[in-house]
Amino acid sequence: MAELDELVNVLKAAGEVTRLRLLALLASGELSVKDLTDILGQSQPRVSRHLKLLADAGLVERYAEGAWAYYRLAHSGAAAHLVEWLVGNLSEDDPQRRADVLALQEVRKAHQAQASAYFSKVADSWDLLRSLHVPESAVESAILDVVGPGPVETLLDLGTGTGRMLELLAGRYHRGIGVDSNREMIAIARAKLAQAGISVAQVRPGDISALEGTSGPADLIVLHQVLHYFDDPGQILIEARKGLRAGGGVLVVDFAPHDLEFLRQEHAHRRLGMSEAQMGAWASAAGLGVERFESFPNPGDERGLTVCLWMLRDIQTQSHNKDAAE
């Protein structure tokens, strides 16, 4: 229970039109300050002041990434319960609310268009470009190790790109499905799989942020160098969890936190890496727990990118396995 003064401060912070609009927008997922200024049509200093008041009251949480800052709703405490009630009671027919939702959709479309244009430009050299960023052989060896000999029944590769994971893990699944929103990538992946004679895998266009009905439950879901292209990686994990069979796993490979801003400006990255704490929080919100974690620093450059690997399992399965072991 909250103290009286604490609750009054929370109510004061939430009880203003712009701040209530911000809370409603953040209920849809993490957003950057720039996104929020574009949606609200207000200046960055003004929006930042409102966000600071919300953060000081415990209504939202702030995460700095290089020159950008992302915000999301608080997930626990009296303030979080209040936000849930407030947003839940906002009318979707309110003219300002409808305008904000439409503006949010436009911002996300712009993000997707930027990423799509980038992927189309680099599709032919995607694998080479990726190999320049990370020690690919070490990471792929670890992926094979954590997946094990298999075979898993159904593997779902989200953001499959050129289909490298379907190719690498061939022989360890009975049925493989790769999903990607970029048709140039899909075309290259399809050609590569055909050339390799991998007939049990297929690729298809699709939005990995809205997977319902894409493939049915999967035993293993792979997110290989995908989450940093999204403003809200946690929401992608929640969506992936919906497509996971009981006892299945989610394999995530992505960058550790870094300060290479050019990747955001020139290569469509939305997040500058993910920390262990961030991944743990996102996984927990999706009903997943971290079963295994490994990191792979760039051996050729101490300022280069470090790649991290997480194997996530649904929390109920983890608890059952722990109890059985004891």
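**Briefing: Salt Bridges and a Helix Contact**

Arg270 and Asp35 are both buried (under 20% relative accessible area, with exposed meaning over 50% and partly exposed in between, for a 1.4 Å probe and protein chains only). The model is predicted, so local features need pLDDT of at least 70 and side-chain atom pairs count only at pLDDT 80 or more, while totals for chains, interfaces and linings use all residues. Residues are numbered from 1 along each chain as its sequence is written, and side-chain values use heavy atoms, leaving out hydrogens and water.

**Salt bridges**

- The whole structure contains 16 salt bridges (a side-chain nitrogen of Lys or Arg within 4 Å of a carboxyl oxygen of Asp or Glu).
- Arg270 forms a salt bridge with Asp35, with the closest N and O atoms 3.7 Å apart. This pair links distant parts of the chain, 235 residues apart: Arg270 is in the loop between helix 12 and helix 13, and Asp35 is in helix 3.
- Asp38 is joined to Lys34 by a salt bridge, their closest N and O atoms being 3.1 Å apart. Asp38 counts as partly exposed at 45% relative accessibility, and Lys34 counts as partly exposed at 48%.

**Helix contact**

- Helix 2 (residues 17-26) and helix 4 (residues 44-56) pack at about 75°, with axes 10 Å apart (helices being DSSP runs of H or I, at least four residues, numbered from the N terminus; axes being lines fitted to C-alpha atoms over the stretch in contact, with angles from 0 to 180 degrees between N-to-C directions).
- Helix 2 is therefore roughly perpendicular to helix 4 (65 to 115 degrees; under 35 is roughly parallel, over 145 roughly antiparallel and the rest oblique).

Methods. Helix = DSSP H or I, 4+ residues; strand = E, 2+ residues; numbered from the N terminus.
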